[in-house]
Amino acid sequence: MRDYFRDLMKQFKELERRERAAVLSLSIFLFGVVLYAGIWAPLNSYALEGRVDHDRYLSLLTYLKSTESQARSASDNQGAGMTGGQSLLSAVSKSARSVGINPSRLQPEGSEAVSVWFDAVPFTKLMLWLERLESGQGIVVQQITIDRRDVPGQVSARLVLRP
C-alpha cells in the first residue's frame with residue numbers, strides 16, 4: 001500500500017502546475033460529494049423522519065387526551081356494575097336471584113347481549129328486576145315479549161338484554 005501511495009505522489013509531482021490544481025480541486029470536490037452523500041444526507045433524512053414521527057405522535061396524543069373523558073364515560077356506562085370482568089350472563093343471573101326470580105333459560109346473543117326466558121314469574125318482581133338492572137348495572141332491555149299466565153300476577157317473558 002505504501003508503494004502504491006509513493007507511486008501516486010510521484011506521478012502527482014510530475015504533473016504541471018495547472019494539472020495539479022485540477023486534480024486537487026477534483027479530489028476536494030469528490031471528498032465533499034462522498035461526505036454529503038455518505039454521511040450528511042442520511043443523517044439529515046433520519047432527523048427529518050424523526051421530526052415527522054414526533055409531530056404525528058404528538059397529534060395522536062392530543063387527540064386521545066381530548067377524547068379521554070368521552071371514552072371513560074362510555075366505558076363506565078357500558079360496564080357499570082360489572083366488576084372484575086364479570087360477564088353479562090353472570091351479572092344477569094346473579095341480579096335475578098337477588099330479586100327472588102329464577103330464569104328458566106339464559107342464552108348469550110353474541111358478545112353484546114343475552115336472552116333470558118321466564119316460564120312463570122310475578123310481574124312485579126320482573127319489573128323490579130329490570131329497574132335494578134338498568135339503574136344499578138346499566139343493563140337495558142333491547143327486546144321484550146311478555147305473555148299473561150292463567151295465575152293472576154304471573155307472566156311468562158322473553159327478554160334480550162344488553163349493556
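Predicted model: local features only at pLDDT ≥ 70, side-chain atom pairs only at ≥ 80, totals over all residues.
I started at Asp53, which counts as partly exposed because its relative accessibility is 33%. My cut-offs here: buried is under 20% relative accessible area, exposed is over 50%, and partly exposed is in between (1.4 Å probe, protein chains only). Residues are numbered from 1 along each chain as its sequence is written, and side-chain values use heavy atoms, with hydrogens and water left out.

Next I looked up the partner of Asp53. Its side chain meets that of Arg56 in a salt bridge, 2.9 Å from N to O (a side-chain nitrogen of Lys or Arg within 4 Å of a carboxyl oxygen of Asp or Glu). Arg56 comes out partly exposed, because its relative accessibility is 45%. Asp53 and Arg56 sit about one helical turn from each other, because they are 3 residues apart in helix H2 (residues 17-66). Helices are DSSP runs (H or I, at least four residues), as are strands (E, at least two), numbered from the N terminus.

How many salt bridges are there by this rule? I get 2. Asp3 pairs with Arg6, with the closest N and O atoms 3.4 Å apart. Both lie in helix H1 (residues 2-14), 3 residues apart, or about one turn of the helix. Asp3 and Arg6 are both exposed.

Last stop, Ser111. I found Ser111 in the loop between strand E1 (105-109) and strand E2 (113-122). Ser111 is exposed because its relative accessibility is 70%.
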